[in-house]
Amino acid sequence: TYLTDNYIVTHNTLSALTYAVKNNLKTLIICPASLKLNWRNEIKDFTNEKYYIYKYKPSKKSEEILYTKQESLFHIINYESLGSYFELNNFHKCQNYNCKQQWDDKVKKHKRCPHCGRENVVKSRAGGFEKINDKDGVELDPLEYDLIVLDEVHYIKNQKSNRAKLVVKPFKDIKNKLLLTGTAIKNRPYEFFPLLNFIDPNEWKNAHSFAVRYAAAKETKFGWDYNGASNLEELYQRISPYFLRRLKKDVLKYLPDKTYTIIPIELTKEEQREYHKNEKSVLSEMNSEDNDMTHLARIQKLKQYTSKIKLNRSYDFIENFIEGGEKIVIFTQYLEVANDLYNHFKDHVVIFTGKHNMNKKQNAVDEFMNNDNIKIFVGTILAAGVGITLTSASTVLFIDSAWSPSDMIQAEDRCH
């Protein structure tokens, strides 16, 4: 893989880090909240550079070294935190012939003109932005960076969303841009336009013109429909200077049989307090008559508590994963966690636990293997970890660990 200037890359964090280090580029990495610590780990493991994470305070027990912004080549922030450093403005113009007032403010749309008082006469569009400091007085200055890396860049495919505006407006003038995603186009070519416009606004100027040419745009009684596809071979040729892609089949011979990624999770202060409270409760129950089974039962309380925390943190990761069109198998020890996952994802998930009869279990497997709309298989480790085939997915996520590592190896092999 090679990287120069502005590219959409699917999907290689190490290539992005290599490019930044080789060219000594001050780099801002914008990613989902669930991936901030993963980027930190990649930087620690594969470079000799320092890193700074916006709005991040590790626990004292972690003994993690906190580097300053000034000494760090890599800065990391999640999409959701950009609103702590930038405020969007909107431009308004009154269409009343006797008014014609123009102004900027932070209101998205005015129902009534504040100058003449008439309703439904104000046209609004996105304006600029203002830099602000977060509550700790920290500033994020776009001019400080030579390179911006957007991980899971399909997060900004909706140009009208605040999330997209908070990326595009402050950072559009950064010379070097790397956009990372597993799936640049999820459903339709039109979703590609915001990414191309961000990379090269001179070449990709007009969304409607793009839609007419490549999204088979058609006018209906409800407005323009951009959900189609057209001239895809031409589009592929035009984007080839920007687009680097590695398919699994192309690099399979270089990959080990299985690859493992640990996704670190930091407990909030409130969660830490609750954990220590549970820990003290477990310790207070211990006595000289305890045996191994009693100890395990008490430890189980702590495992269940942390499992619920990991479940809550996993939703963004899972939603982001299936948004790329891929399937995923999720295992947990606990029936409550499996049910929560099933209820959260509803129409896109099947469940397989010891509480289900044989027919329901088999139906869950068949649906996952054969129905493209079913993206998630949720199973308890002991019930779903053996004897079934789930090879329509190549990724397994464990919310929590089994007591026996061999049970987890068996579960992994459902997809291998």
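Which residues does N197 touch, not counting residues up to four places away in sequence? N197 touches Q159, W204 and K205, where contact means heavy atoms within 4.5 Å.

## Basis

This is a predicted model: local features need pLDDT of at least 70, side-chain atom pairs count only at pLDDT 80 or more, and totals for chains, interfaces and linings use all residues. Residues are numbered from 1 along each chain as its sequence is written, and side-chain values use heavy atoms, with hydrogens and water left out.

## N197

N197 has its place in helix α4. Helices (H or I, at least four residues) and strands (E, at least two) are DSSP runs, numbered from the N terminus. The relative accessible area of N197 is 17%, and this residue is buried. Buried means under 20% relative accessible area, exposed over 50%, and partly exposed in between (1.4 Å probe, protein chains only).

## Aromatic pairs

The structure holds 18 aromatic pairs. Rings of Phe, Tyr and Trp (its six-membered ring) pair if their centres lie within 6.5 Å; planes under 30 degrees apart count as stacked, over 60 as edge-to-face and the rest as tilted.

One of the pairs is F193 with F210. This pair is tilted, at 5.4 Å centre to centre and 50 degrees between the planes. F193 lies in helix α4 (residues 193–199) and F210 in helix α5 (residues 207–214), so the pair ties together parts that are 17 residues apart in sequence. Both F193 and F210 are buried. One aromatic cluster is formed by F193, W204, F210, Y214 and Y242.

F352 and F377 have ring centres 5.9 Å apart and planes at 45 degrees, so this pair is tilted. F352 lies in strand β14 (residues 349–352) and F377 in strand β15 (residues 376–380), so the pair ties together parts that are 25 residues apart in sequence. F352 counts as buried at 5% relative accessibility. F377 is buried, at 0%.

## Charges over rings

A charge sits over a ring if NZ of Lys or CZ of Arg is within 6 Å of the ring centre and within 35 degrees of the ring normal. K303 lies over the face of W403, 4.2 Å from the ring centre. K327 lies over the face of F368, at 5.0 Å.

M293 is found in helix α9 (residues 292–323). M293 is exposed, with a relative accessible area of 61%.
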